[in-house]
Amino acid sequence: MVTINPSPNLIINDPAAVCSPATVDLTAAAVTAGSDAGTLTYWTDAGATSTLETPAAITTSGTYYIKLTDGNGCETIQPVVVTINPLPNLIISDPAAVCSPATVDLTAAAVTAGSDAGTLTYWTDAGVTSTLGTPAAITTSGTYYIKLTDGNGCETIQPVEVTINTLPNMIISDPAAGCSPATVDLT
């Protein structure tokens, strides 16, 4: 009697996309949830000839392969797609210094010209925990932060320097009154 064992059932659930520098763990149970029992191995090619060195910390987008070998020695190989999105490019050009009471507009296009598309938000701290209340009318010199969030949800944060110079203090002492034809020297 000849017994032909069926190939094991290997179900692949592509992992969620992440933003660089995060990595993807192909050894996580969720990736093969619902599959038959057996030994999983990880490969860079569909023929399972090149071992994937770090399946628990994938750093590059691409298609990888998982092989399931059951207790009978039967094998199934399935592709798994990994997506690691790059961080958006945020270019900051510090705005020109102004003199008080003028304000600085961090929302002006020139401040982030050349940056990738996305949503800009403005913050008072690098940890982006405190929203900048009036980014279009900054009244105080200092370092502020702009966060760019792209369509993939990836974020980049960059500092922007604002300089608002105080007006010089000028004291005027009115000259003494004089009689004509005398002159007054204002210098």
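How many disulfides does a search of the whole structure find?

1. The search finds one disulfide (a pair of cysteine sulfur atoms within 2.5 Å). This is a predicted model, in which local features need pLDDT of at least 70 and side-chain atom pairs count only at pLDDT 80 or more, while totals for chains, interfaces and linings use all residues. Residues are numbered from 1 along each chain as its sequence is written, and side-chain values use heavy atoms, with hydrogens and water left out.

2. The disulfide joins cysteine 19 to cysteine 154, with an S to S distance of 2.0 Å. Cysteine 19 lies in strand β1 (residues 18–19) and cysteine 154 in the loop between β8 (142–149) and β9 (155–162), so the pair ties together parts 135 residues apart in sequence. Strands here are DSSP runs of E, at least two residues long, numbered from the N terminus.

3. Cysteine 154 is buried at 0% relative accessibility, where buried means under 20% relative accessible area, exposed over 50% and partly exposed in between (1.4 Å probe, protein chains only). Cysteine 19, at 23%, counts as partly exposed. Cysteine 74 is buried at 16%, and cysteine 99 is partly exposed at 44%.

4. Strand β3 (residues 62–69) and strand β4 (residues 75–82) pair in the antiparallel sense over eight bridges; pairing requires that DSSP finds at least two bridges between the strands. Glycine 62 stands opposite valine 82 in β4. The two strands, β3 and β4, form a hairpin with five residues between them, and glycine 73 in the turn has a positive phi of about 85°.

Key
Helices (H or I, at least four residues) and strands (E, at least two) are DSSP runs, numbered from the N terminus.
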